[in-house]
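Work through the exercises below with the sequence and the model open. Each task is followed by a solution in steps.

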Amino acid sequence: MTAAAPTVVWLRAAILLFVAQVTCEYGMVRVVSETGGPKGKDYCILYNPQWAHLPHDLGKASLLQLRDWTASMLCSPSDLPAKGFSNQIPLVMRGNCTFYEKVRLAQGSGARGLLIVSKETLVPPGGNKTQYEEIGIPVALLSHKDMVDIFKSFGRAVRAALHAPNEPLLDYNMVVIFIMAVGTVALGGYWAGSRDVRKYMKHKRDDGPEKQEDEAVDVTPVMTCVFVVMCCSMLVLLYYFYDHLVYVIIGIFCLASSTGLYSCLSPLVQRLPFGKCRVPDNNLPYFHKRPQVRMLLLALFCVAVSVVWGVFRNEDQWAWILQDALGIAFCLYMLKTIRLPTFKACTLLLLVLFVYDVFFVFITPFLTKSGNSIMVEVATGPTDSATHEKLPMVLKVPRLNTSPLALCDRPFSLLGFGDILVPGLLVAYCHRFDIQVQSSRIYFVACTIAYGIGLLVTFMALALMQRGQPALLYLVPCTLTTSGALALWRRELGMFWTGSGFAKDIPQPSWAPAAAQGPQPPKESEATLSQQPPGEAQVMPALPAEQPPELTEPKDVAGVST
C-alpha cells in the first residue's frame, strides 16, 4: 500500500493537470469615449474561451461602461462597490487571489465582463472544469500600459466592447514579402552571374578597371562548415544573451547594409554626367586614391540612410520601409560577393543549412525549458527582453488585415535574409552555367520559379500550422530538385555538378577579338571553350595570340543543347 502511494499521487496530479489545462486566445477591446471625443481604438486582450466566448463580430458585442476599479484587487466581498457592477465591465488589478475568485465576485455583483490589469507578462486566466461551468461572463487580461493609455486618451468616462475577430489564414502582406523575396533572388542571381561571367570572359587589356573591384569569394566545404558552426553558436548566444548582443547585430547591420546600398547604387551613379571631378591630392586614408566627388557623396548618402534607420528603427509606422530597402541592398551585395563554384558546393551548403533550420525551429522546443523554438524566439525577440529590440536581419512588412494577432503578438510578418541568400546563391550559379552552355537562361528561370513555388508552399504551411516555419525546409528541396532534374533531363548533370568552368586560373582565350591577324571563328562557336566537358577546357594550354587554337566542331562537343 505504501509503495503504491507515490503512484496514486502522480496519477492525481496528472488528472488535475489535464483538467486544468488552459487555452488562450487573443481578443480585442474597442474603447470609445462617452463624451464623443476621439474615435474608438482597439487594445489587445488575452482571454480564455473556456470561461465564456467572445463574439467574432464587433457589431454583436455589447458596448458597456468601463469602470476603473484598479484600486482594489477584488479578492473579497468587501472589495465590491456598494451598488455593484451592474451592466459594467470592471477593471481590477491582478494578484492576491485566483482568477476564479475575482470573476465570481464580479459576476455576482452584476458585471457583464471582467478585465484584469497586469503589469507583468500576460498569461491566460485559468481555472478548472467546475469553475468554467459556473462562470458565464468573459474574463480577460489587459496590460497596465494599455490601461494607462485608455484613460489618457479617452478620459474616465469610457465604454468598451469585447470581441475576438477571426484570424485570416494569410495576410495580404505576404504578397509584398513574396514580391520582394523573389525579386531580390532573381535580380541578385542575374546580376551576380552576369558580373562573374563578364569578369572572366573579358580580354586582359580591357580588364583594367575590373581589377579594382572586389573579387568574388568562392565558398569551399571548409568555409561552409565554419559558417554553419558560427551560425549555431551565434544563435545560441543570442538566445541566452539577447539583450547584450542585439545591439552588436544592429551595429553590424548598419555597417553592412550601407556598404550594400553603396554597391547597388554605384553603377547607377557612375552613369551620371556630372560630379566626375576628383578629390585633390592628399595623404589621408582612402582619400589618397582621389575618389570622384559623386562617389564620395554617394557614400555619405548611404551612411546617412543607415544612421537614420538606426536612430528611428523602432518607429513601426515607417522604419520598416528603410529596413527592407537596406536589407534588399545587403542581400544583393552578398549575392554578388559570395560565389558557389560548383553544384556540389551548392548542394552541400543548402543541405547543411536545411538541417540547421529544421533543428532550430522544430527540435529545440523539446530542449528548452520554455518549450519555445530558439529560432522563432530570437527572430521575433524574446517576450521577456528588457530592451524590446528586434533583430534587423529580416524583411518585415506590417500586417494589413485587422486582427488580434497583428495587434497583440506579431504586428509584422517576417522573412529572414538567409531564406533569400541561400537559395539565391544557387540561382546565381544556375545563371553562370546558363551562359556557359548557351541555354537561353533555362536553369536561371527554372530555379527562380522553383524558389517562388517553395515560398508559396512555406506560406501555405504557415497558414495551416499557425506557427513559425523554417522556410529552407521547403525552399531547399524545391530549388535543388528542380535544378538537378533539369540538368539530368538535358544530359548535362556531369558538367552541372562539377562547375561552370569559370575558374580564376583559366587562361584567356587567345582567339578573342583582339587577335585580328589570325583566322576568326564563327560567332556561334565563341563559347566552345566553355562548352567542353570539365577536365578538357581547363587543361587547354594558352597559345600565342598569333596562333589561335583549333576550334572543335559543335557536333563533337559533349553536353551542348542544340
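Arg339 is buried, with a relative accessible area of 4%; buried means under 20%, exposed over 50% and partly exposed in between, using a 1.4 Å probe and protein chains only. The model is predicted, so local features need pLDDT of at least 70 and side-chain atom pairs count only at pLDDT 80 or more, while totals for chains, interfaces and linings use all residues. Residues are numbered from 1 along each chain as its sequence is written, and side-chain values use heavy atoms, with hydrogens and water left out.

**Exercise 1.** Find what the side chains of Asp218 and Arg339 meet in.

Solution. Step one: apply the rule that a salt bridge is a side-chain nitrogen of Lys or Arg within 4 Å of a carboxyl oxygen of Asp or Glu. Asp218 and Arg339 meet it, at 2.8 Å from N to O. Step two: locate the partners. Asp218 belongs to strand E8 (residues 217-218) and Arg339 to strand E9 (residues 338-339), so the pair links parts that are 121 residues apart in sequence. Strands (E, at least two residues) and helices (H or I, at least four) are DSSP runs numbered from the N terminus. Asp218 is partly exposed at 25% relative accessibility.

**Exercise 2.** Describe the salt bridge of Asp68 with Arg156.

Solution. Step one: the closest N and O atoms of Asp68 and Arg156 are 2.3 Å apart. Step two: Asp68 sits in strand E3 (residues 64-68), and Arg156 in the loop between helix H4 (144-154) and strand E7 (158-163), so parts 88 residues apart in sequence are tied together. Step three: Asp68 is partly exposed, with a relative accessible area of 29%, whereas Arg156 is exposed, at 56%. By the same rule the count comes to seven salt bridges.

**Exercise 3.** At what angle do helix H6 and helix H10 pack?

Solution. Step one: H6 (residues 221-240) and H10 (residues 343-363) pack at about 15 degrees, with axes 10 Å apart. Axes are lines fitted to C-alpha atoms over the stretch in contact, and angles run from 0 to 180 degrees between N-to-C directions. Step two: H6 and H10 are therefore roughly parallel, a class for angles under 35 degrees. Step three: list the contact, meaning heavy atoms within 4.5 Å. Among the residues making it are Phe227 and Leu235 of H6 and Leu348 and Tyr356 of H10.

Note on methods
Angles under 35 degrees count as roughly parallel, over 145 as roughly antiparallel, 65 to 115 as roughly perpendicular and the rest as oblique.
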